[in-house]
Each structure stands twice: as C-alpha cells, then as structure tokens.
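The sequence and the structure are shown first.

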Amino acid sequence: MKKTLHGLLTLFMVLVVQLVFAQEKTITGTVVDEDGLPLPGVNVIEKGTNNGVQTDFDGEYSISVSQRATLVFSYVGFASQEIKVGSSSTINATMVVDAAALDEVVVMGYVSKKREDMTGSAVQISNETLQQTPAASVDQALQGKVAGLQISSTSGTPGSTQDIRIRGISSINAGNDPLYVINGVPVVNDNLSQDNNGNSLGSSTVSPLASLNSNDIESITVLKDASATAAYGARGANGVIVITTKSGKAGKTTINVSSYYGFTNNAIDGPQPLTGAQRETLYYEGIYNDYGAEYGFSRDEAKQFYEDNLGVFGRSYLDWNEQGRPEGNWFKAVQNEDAPMQEHVISATGGGEDHNFYASLGYYDQEATVIGASFDRISGSLNFTKDISENFKFSTANTASHLYQNGILEGSAYFSSPHTAKYFMSPLDQPYNEDGSINLDTGLPNPIFITRNDVDETKLTRILSNNSISWQTPIDNLSFTSRFSVDYQVYNYKTYNNRILGDGSETDGDGYVISRNTATYVFQNSLDYGLYFGNHNFDLKILQEFQKFRRNYIDASGNNFAVDGLTNLAVAGNPTGAYSDFTDWAVASYLGTLSYNFDSRYVLNGTYRREGNSRFASDRRWGDFWSVGAAWNLHREEFLKGSDFVNNLKLRASYGKTGNANINVNQYQVLVNYDANYAGAGAGYPPQYGNPDLTWETSRTFDAGIEFGLFQNRLTGSFAYYKRESRDLLLDVPLSMTTGFSSQFRNIGRMENQGFEVELNGNIVRSEDFNISLGGNLGTVKNEVLEVSKDLNGVEVPVTNSSTSYQRSASGTMVNEWFMPTWAGVDPDTGVDTWYTDASRDEITSNYNNAQRVYQGSSALPKFTAGLNFHVDFKGFFVDANGYYAGGNKVYESWHLYLNQTNGYISSVYNGYSTLMNRWQEPGDITRVSKMSNGGEPWRYNTKYLYDGDFIRLRNVTVGYDFKPQILEPIGLTGARLYVRGMNLYTWVKDDNLQHDPEVDATGFTSITTPPIKSVVLGVNLKF
Amino acid sequence: MKKKIRNIFYIGTVACLGLFNACNTSDLNPSLEQSNREEDAVMSVSDMQVLLNGALNRMTSSGYYGRDYIITNEVRTTNTFSNGNSGRFLTEAGFLYLPSSVYMWDNAYAVIANANILINTDVESLEGNADLGLHIQGEAYAIRALAHFDLLKTYGQQHVGGSLGVPYIKEFKGDNDAPTRETIDSNIEDIMNDLEMAYNLMSEDYYDSSKEFLSKYVAKAFESRVAVYFGMWEEARDAAKLVIDSGNYTIISEGEYVDSFDQDGTGNSIFELAFSETDNLSSNSLSFIYRGGTYGDVQVLPNVENLYAEGDVRKDILGYEGELLRNMYKYPEQFSNVPIIRYEEVILNYGEALLNLGQAGEALTWLNMIPMNRAKTPDDPNEDPADLTYSEATTENFLMERRKEFIFEGLYYWDLLRNEMSIEKVDALQNIDKTIPYGDFRLAYPIPLSELDANSSMEQNPGYGI
C-alpha cells in the first residue's frame, strides 16, 4: 500500500514537473498499448527523481536522464513498468492493462486503502466530478453520483443546508445526518442558523460546508457499510462523508485559474397564482354557494347580493372594480429574474524535494431568485508539507473563509418572505402606487418594502486548521503520527424589522442579534505498523482520539428604534432581552484496525473502536463498536490471471456494529433551567424528564457485494446488498402530558433498512481522440420499524414525528409513514370533499371528523434513487451530463389550506392557485377541486394533497472544449478549458397534481419558500 | 534478539506517548453552566420562589393565559369571531377542533408539574424562612387547583352528559405516568381541598400588592369561582364573603375602569399575570390578536355594540380600526398584565350565590354594586349619570352583568355553559353555521390524540372518533 502511495505521489509530481536539468543523455521513444495504438499522457519518470515527462498525442516522449537511470512508465489503468537506461538512446514501451486495473486509492479518513484491499462499500468522487455542479455548498455535487445516497435541497437560498441520507434512515429521533470528516478529523456540520436551544431560526439555513471552496477539495468519499465506516463506527450509523482537501504537488509551481459567471432561476415555475379576475369569479361563486339558496338569488345575482351587503362582506372587490380592475402581479414583483452567480478561484501548487504546498484564493457570489437574498464567500487555503528530517514529516492544512448570507424568512410561511408573497398577496393589491412608489396599503405587509428595509443576515468566519507530525520510527514500517486540529467558527446573525411596516411596526422596530463562537478541537495519536513477509501482508493501526466542542453563545434584542435605516441595537431605545450560555461536549475514542491480505487475493479487515460520549451518564458513556470484513480478489487467482475477459472480479462481505449519539447535550440529566423569568425575577422549571440510563443507539449492518471489470475494464460495475438493523433507538418516547412533559429519551425500539445498490460504467468508445462513456447507479431502500415503546398497560405507543403529527412510526410501518385520512374524491352530486371512514375503504363520508387516520404505505423517504452519467469527448470537445432520479415516496403539499382549497382564504384573504378554477360548479361535474365557499376551514390533512414524489432531474450538463497544447504553448499556458454548464435544466415530475418542486427536504413537505434553482454558467479554466 | 528488544523499547515509548494523552470518563463530563441538577434545585426557600416563578411563567405562555385559553373561550361566544386574517382561531370559533389539537392540555399540566415540585418539597428541611416557604407552598396549591379547574372546564364531560373529569396530578414524576380520567366529582373535591390547603398555608403577612403573585385571599376568590361554576352556592357565598371581608380589594370606579386595563396592580385586581416591556409574547400576545392588521383575527361581533346602554363606561372598551369593530382597551399593549380574577367577579359571585340561596333582595344589592360604578359622569353637571342598575336580581341579570363586565376576558363562555345555555347564532359573521345546542359534544374539548397515543388508559370524549 505504501508503495502505491509513493507511486502515486511520484506520478503527481511528474504531472507538473517542467524543470530542465543539465543532461547527460537524451532518451526518446514511443509508448503504445497492447494493440499497438500510441498512448498519450503516459508518465515517464526518472526513478528516484522529480524528473519526468508525459507522452504526446503520438505516444512519443523525450527525456534527458543520467546514464544509469531507470525509467518508470505509468498510466492509469495500466501496470507500470520500469526499464533500465542502457546504451540505446531509444526506449519504446508497451503498456499492459493492469489486472487490478483500478489501483485507485480510496481515502477513508483515518486510513487510505487500495480498492482491492477494501472489504466495505465506499464511493469516491473526484474534484473534477464535484466541479460539474456549480453551487455554494460542495455536498450539492453528490446528488446522483452515489448509489444509495439521497440528497435534497432544503432550500434554494444559496449556502443553505442539504438533507443527506445514506442508505435510508436509521434513527427515529436521533439525527440521521451522516458524519462529516475533513482531512481525517470529524467535524460538526449542523445548520448554523440556530438559536441557543438548537432550534432553527426562521431565516434561511446556513451549511458549514458552504464555507468550503469546492475547488480546494481533492475528493469526497462516501462510506456506506460497517466495514467502511468502522473507523468512525461510534458515529458511523448514518454513513460517513470524508472530505480531503488538495495537497501540494512538488515540482515547478503551477497556477490554476478558474472562473465562471452565469444566471439562475427557479428550477420549475411552480403553481400560478389566481389573477384578480379569477379570484373575483370564485368569490362571487362562493357567495352564491353560501347564501344563494337561503336568500333566494341566482348565480348571476351573486355580485348584486355582494354589493347590497357590503357591511357584511367588505368593500374590497367593489373598490377594486372602481379602480378599474388593476391586476397586482406579485409573482413578477418579487422575482429576481436571471439572478447572477459567479465564482473565481486562483490556486497554486508546487514545491521541492522535501516540501510542497497548495494555496488558493476563492470568491463566490450568488443572488437568490427573489429580491432581497444573496450569498457571497471569500476563502483562502494553504496546505504545506515539509520533511523536517529523514524521519520526521510535518504537514498542515488550513482554510479560512468568510461568508455572508443575506437571507430571508423562510422557516415557515412568513408573510414577509418574498417567495411566499407571490401566493399570499392578494392580486387586488398593487405592488406599486401609480407614482411608482411602493404601495404600503396592502392587506399583508408589502414584501418589496420589507426586503428593502428589514435585515436578515448571517456572517460566518471559519478557520479550519489541521496539523500533524509523523515520525518514521527506526523500526521498519512503524510510524507514529500526532495530529491536532481546530475548527473555529465565529457566527453572527442579525435580524431587524423596520419601524414602518410589518412585524416591527407595532414596537417601532425590533432587532435581534446572535453572536456565537464555537471551537472544536481534535487530538489524535496513532501508530501505523506494516508487517510483510512472503505473501502475507499485515497493516495495523492503533489510534487514540479526543474531540472537544465548546460553544459561547450570546443573543440580545431590543425595540423602539430611534430612527429609520439604522438597524443595530445601539439604536434601540428599549432593550428587551439579553442571554448568554456556554455548552460543550466531548468524545474520546480508542481505535484498532487490522488489515490482512494474502497475495492481494484474500483480504481480511477487522476494526474495533471504543468510544465515550459526554451525552450519556458516566456509567453509560462508553460503547464498543466493531466490524469484520473479507474480500476475495478472484482476478488474482491463477484461473483468471491474464484473462482477456475478466480484469477485475471481487467478492466481498462485511458485518459490524456502529453507533449514533446524535441528540442534544445533557438529555440524560434531570435538570432545572432558569432561562425564563416572571415579573422581572428569574424563574426555574424542569425542561426535560431526563434518563440516567440513556446510552448509545446502535446499528448492525451486513453488506455483501461483487465488483467487476470486464473487457479491458471497458465495463466496470458493482452490485451490493445491505441490511442494517438499528437497535436501542434513542427514541423520544411520547409521555402522557399529565406528567408535565411530552416525551422522554429512552433506548427503545428497533428498525431495519435493507436494499440493493448497483453501479455500472461503460466506456463505449475508447480511443485517442474520441471517447464515449455511460454510467449509472441505482439504490433501493426498504425501511421498516420493528419495535417502538409500550406504555404501562403494555400497549404500543406509536411515535409521532415531532415536526408533523401526520407522520407516525409504529411496529410494522415505515419510519415516519404518512398517517392521515384517505381522500375519496369530490362528490359529483354535491361538490364536497369525501373521505374513506377507515382503512377498509368500504365507506365514504363527507365529515372529515368521521374519517380515521390510516397509514398510507409510504413515507417521505425515496425507495429508489438513481443517477445516470454520460460523457463524450472528441478532439478536445466534451459533453458531460448527469441526471438524478428519486421516487417511490410521497410528498405533501404544505399550506394547501390557505392556497389550494376553495375557501375564504383564497378568495378573501390570500390568493390561490389557478388550478382552483377547475372547481366543481354543478351536479355531475367530475373534478378534484371541491365547490367554492368563502367560509373558513380548519386544517384537514388528507391524501388529496399527498402526491407521488417521483422525479427526474437533469442535474447538470457541461459542454466544453479543451484547447490543444500546441495552441497554448506559445502563449505560455499549459492547459485551458472553456465550458458552458447548466444545472437542473430539466425536471420531470410523475404526479401532475404536484405543482411545486418535487425535490423537498427530508420532512417530505413541499416548500413555497425557496425552491431549488436552475442555472447556466459560462466558465473558463486556465493552467500555467 | 537485540533488535527485538530495541523494537519493544520503541513500541513501548510510542505507546506511552499515546497513553500520555489518554483520557478517562471524567474528562467527558459535560459542563452545566446554566442549569442545575434537580437534586440541587430546591435547597432553600428562595429556590422555592424561583420555581414558583417558573409555574407562573408557564401560566403566561401563549398556549394558556397568555392568549389561547382566553381567546378560545371568547371566540366561542356571541362576543367575538375570527376573521381569519392570519388563519388563527377559525377552528376554535367554528367549534371545528379535532383531537390533533393539543390546545392547553400540555400547558396546564406543565404548570401543575412546577407546582408539584413545590408541594412535594419538605419546607422544614430547607434553609430560610419556613413561614415564607409554607406561603409559597400555599401559592403552589392554589395554582395547581386553578390549572386543574381550567382543565376540568375544558375537557370534562359536565356539559356533554358524561361523568369523566381529568387526571388530578398531585406528584411530580409520580409512580403512575399513565393516569386514567377521574370523575368530575372527584376533581371538584380535589380542587376544593387544594384551595383550602392554599388558604391555610398562605399568610396575610405576605400580601402582595403588585397582584402578580398569589395572596391568601386569592385562594378564596378562586374557590368562589369554582363553587359558582358547579352551583355549590354555600361554598361560593362563604368563600366570596371572606374575600370581601378581607378589605384588601375595591371595585374600580367608573372613571378608572377603561384605564385600569392599562395599569398593573389596580385596587380591583386580586390576581394578575405579569407581562412587561421586556417580557411579553410579542406577536403571540392578546393585543396582537385583538387588534392590528398583521394578525388581528379576533374581531368583535356587531351585536356587542348594542349591549351597552348610553353612558356605560364599558362601551368605551370598544372602538373601530377602520371599519372593524374591535376590543381596543382590554389588554391594550403587549406588555399589559393579564387579570386572572378581579374583585368585581367575587362581588357578582357573592350576589349570585345569595340569589340561589333564596336571598334575592340581598343579591340585588350586590348585583347593582357593579353597574353603579359603571355610569359615566356626564359632561353636563346638571345631567344625571345613566342608571344602569337592575330592579331585580335574576340569573339572567347576573349573566348579563357578567357579560358586560368581563367581555373579552374569556369568562362568558363558561357562564353560558354553567347556565346550560346554547351557543346562539345571532350574527352572520359568527364562524358557526347554526346554534350549538347545550349538550352538544363540542362543548367538551377532545382529549389530544398525542395523549391518547402515549397513554392507553386515557379515554376520549364522545363524538371525536379516535
């Protein structure tokens, strides 16, 4: 393994080495493949030096070397070979396809492994693939790239968080987010937009990953099964995402410049709001339906009845008609059409024999698709490695960034959000007055004024520093590494509601600020030992780690601002709140991992980790986690060696135990909190039930798979099956509220996820200047809750999702399965909605209260996800395309009561969708939309608004051209690329009734706040 | 061999380096810098005060007396309706609530939990003034009784033909965390016992003139309210009499009436919940739901304008915001204190008790004490103030006077129910289609579904399916 690393390192060096040494001899030659075709881009290196060149398009090279040199020829996918320089000045080489072919090294966090030596399931994504998705946050690039990984945008606001689920959901109440590891160190990746209790603020979410420049990232590895996540076993139940930043490449300093500029819009148009005229039609029809029979007037006389009873109905429609029926187009008023986005990065890498560096500076800027929101980031990084002496090596990786998000209220259907405004604002109200000024006399506060005068902004400064020193001990293959990492984040949030209009008008303006500093330290000490004799290879790692998180939090608020336009609390006449707290948590662990292989044919891996977490009482703190894995590389066996057909064939299986402790701190304790007050004095209350027995939630994962490479690796792929049973769930068990508490965390319950994953990649055409490849992946997940808690009477207590009571989990259901009455259509005779009384669907009722809630056999979690990748290049031109499919789930339309029902909200208060015009009008009408009424209605969740979640999205398409070196050399460039890149250009939605964007967050509710975006950018990369 | 020994030495050195940094379980103890462990939370009498504040603070939540409990009752009467401006209280005003609603069930029991921590405390074992400790314990008993009374009124089956009340919780984290519903009679007995206990434990020495904390006679004021509600007229008379005889309280005068809602601790206030400029519910406050264009859902029904005679100072509570009839001056600001029980109610409780105990003449005197203080002094000194008094003490007149006096304060709904009256449809703007007859299942709130899920011993009220 060390050898491979060394080889790779050399290879990297050679890529960039342009140095010319004083020569003793010049060697020339041609490199061809087994078919005799010339191979361009083969690395030819003088062994033991930095001296190297690459073959040109004709497979030819020329290198000056010393007389006694050895040349090393290497090329990805081929076995490298060494040829001693003799008397001849011509050395031709024929490269042979490597049986193991993909000597890819997979970075797994603590350890890196050759793919051959892996027994688990992991997918590594290169920087180039990451670059295909232009986005503020690098995790967005993972969509469609990894079988079994589901990702959805929680919001289209730049820099907001993504919901990522790897192989389903393993926990009901503890977190389901994967663990993030950057350069071998676990990092905290919670939404930053939180108050002191960890509750999301009403404004846009902010992902810590948005502070990273994706250009600085070398690769991302997604670890899926117990064997792969074993090293992080204690917190690995939800999978692990390992991010590795770029390291320096020794040799002549090369500089990379990449820039793009483009435009974004909402990915799909979404529902159209009613026009004023449509809304008026529905209103009069509602009056007819509500009062026509009682007061004896006809449909056509409804308008007259309205005008005769203005005292009851109000004057809004009359006034509107008197004004000449002007249409208030709020959709247009709040839109930021073709919102610009841009990113510019310059990076440099280079170094000498004993040191290397990578440095970069990046700038990213994006506006949202509505007025009043934007995101920008400036980031810098410096990675440096130095051999202090023969045996000591120092390495440091540092990133510093500052991001600014001008957010909007989007945590709920806030009236002040410009996104919601286009549906909630009445079309009878005009955005602007006739003189062009902003109309302040609107039913709900005018969002144009609000976005201009309110403040909602997040600033984050993050410094991430990872330093290590390693000592190659005098014992062969025994090295010791000590690592210290700090992740320091300074978060500032400020919100201000103006004095004139909206939420702050009652109190003459109000402001609220949060200042939060967090520091996460990680100390690691590890020993690596390799023992190799004969065909027996042992690699042993022992590691000790301590991670500590500290948070200082302050918030303050005030109102009665002295003047307009000044929004800091210094201007607030009346301070209304001040709060500070300090919290911390710590994790300590000991890890041992042993890899053994026999001639690379038989591979055995074992890992054991013992981890203690401060979230549990001292006698419940420690958990033991482990995994075992085995693999058989059949292509190494005699009977397949040298086969033309099979180049790679591996069988593998693993089993292990992982954990999850992803709950709030101090949940186990029985506490009295004092963050309350009464009559100016402090007040104490018991915030939680507490449970001193609380301990780790665990998962046991079985994973088996086959990996193959056929026809000179033209066809590669893998197939895997997994089954994960989670036990002792950290369940927020519902309590009788008579206790004074609604729930208590206990270790109860079991759940199972299982599924298949397939990956297939084919190089359909592989030649010198024409290549076509097509790849795809498919992942399935079947989730079942096996057990939840029981009450004192032994009756099972179904667990209601804390975010919605229409999702429940009970034994035999899916986790958070949709649970609501089943809609039975609109009665053609009366025009009212009907529901099935119970699960048998025998009986129909028009009284919602008589309709039982039933499990709907579906959840928000997609059962299937798939990705499709296509690449073609021809003489420098290339096209990359990538699509994503998710489906088998159901999503629920949020806010339908106010926007998509035939009631008074849509006709008198807010506005509705234009599809409401299909309402039932007379007996015999067959339609989904019920009869219009202007009355109020309570919330009635039912399956009428539960839609198939299946969608296909053309995630990205890139068309570009790589300039030929011949053209570039005279102008001093070594590489240049020009491209046009589109993201989310096309979306297919299965369910016609689903008008909103189908890509919804993990809760399964559609969003009217900030839908995902599509973008088109023009970019250029230069290398010199 | 030598090499082997050296190797062992090196491995040992490195292992020691590792161990040097090793950490143990105690390194993993989390900081606890803004909370106390429960066992450390009640060490002194002053700690008791802090937990009592906690109970009172829980009463101020918007789910309870901060807004919802008052509004939900008010919008179910002919006083107000919901215009749905922000989508709030349409369900309640239309009697359309479902078991999915938790309403005040959780809030009230959370208040009870805080009170029980104090009630379960052995005062004698604490540092500090034991008399004060006992007084605080008395306050906790009164709070526990009031919360259970509110729960019983809301969820009990007294108006829907059943006998079930609510679980009466007397212990914090007691053994039975899946309690069954007790009978209405048993609830009443417990409430009265708690109030008696409260009265006995509290001392006049700790009379609180701010009215933001409970004093000895608050227990008796509550008792008169409970007794009137259940027609226990002797108890009502006796309890009210003690409050009156205490001499601590006065009826607010006609000149001060409207203004009194903008002031804290007025003479007629017996107990009120504290809000302030820095501690209020902001957009979830009563003032925000009664007025303004952002929420302002709760609007006054047209019939209320005709409720008051000319010259009745209480008519000035009403006003117009544009074309909308509003409650303008009760809970005038977000930071206005919320009265829980006023002296006027005790007076009327006393009068109504006398009426029902056959002392109609005496009752009339007490009934008229309120309207006598509600007639405006005319601008013209030659003019007599309007005569708002009654000539006869009847149940109807008591009901009418209570509606006028306590409008928008959430009491009228209970007065209708205890008099076995229907919720009439009198205005087109009301959120109900037609009159809700007395006895209709909707007069008892549904037990929350989440409670039924967690506690299979709990029984739903009739009419709500599951």
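## Pairing of S5 and S7 in chain A

In this predicted model, strand S5 of chain A, residues 70–74, pairs with S7(A) through four bridges in the antiparallel sense. Within this pairing, Val72(A) has Glu82(A) in S7(A) as its bridge partner.

## The open sheet

S5(A) and S7(A) belong to an open sheet of four strands in chain A, ordered S3-S2-S5-S7, with antiparallel pairing. Its edges are formed by strand S3 (52–54) and strand S7 (81–84) of chain A, each of which pairs on one side only. On average, and with direction ignored, neighbouring strands of this sheet are turned by 20° against each other.

## The contact between chains A and B

Chain A contributes 72 residues to the contact, and chain B contributes 72 residues. On the side of chain A that touches chain B, at least two residues each come from strands S26 (510–533), S27 (536–561), S28 (572–598), S29 (602–613), S32 (671–678) and S33 (681–685), and from helix H12 (904–909). S28(A) provides the largest share of this side, with 10 residues. By residue class, the side of chain A that touches chain B consists of 34 nonpolar, 31 polar and seven charged residues.

## Strand pairing across the chains

S32(A), one of the strands that supply the side of chain A touching chain B, is also joined to a strand of the other chain. Three bridges link S32(A) to strand S1 of chain B (residues 35–37), and the two strands run antiparallel. Here Leu671(A) stands opposite Arg37(B), which lies in S1(B).

Terms used: Residues are numbered from 1 along each chain as its sequence is written. Chains are lettered from A and ligands numbered from 1 in the order in which they are written. This is a predicted model: local features need pLDDT of at least 70, side-chain atom pairs count only at pLDDT 80 or more; totals for chains, interfaces and linings use all residues. Two residues are in contact if their C-beta atoms, placed from the backbone, lie within 7 Å. Ala, Val, Leu, Ile, Met, Phe, Trp, Tyr, Cys and Pro count as nonpolar, Asp, Glu, Lys and Arg as charged, and the others, Gly among them, as polar. Two strands pair if DSSP finds at least two bridges between them. Axes are lines fitted to C-alpha atoms, for helices over the stretch in contact, and angles run from 0 to 180 degrees between N-to-C directions.
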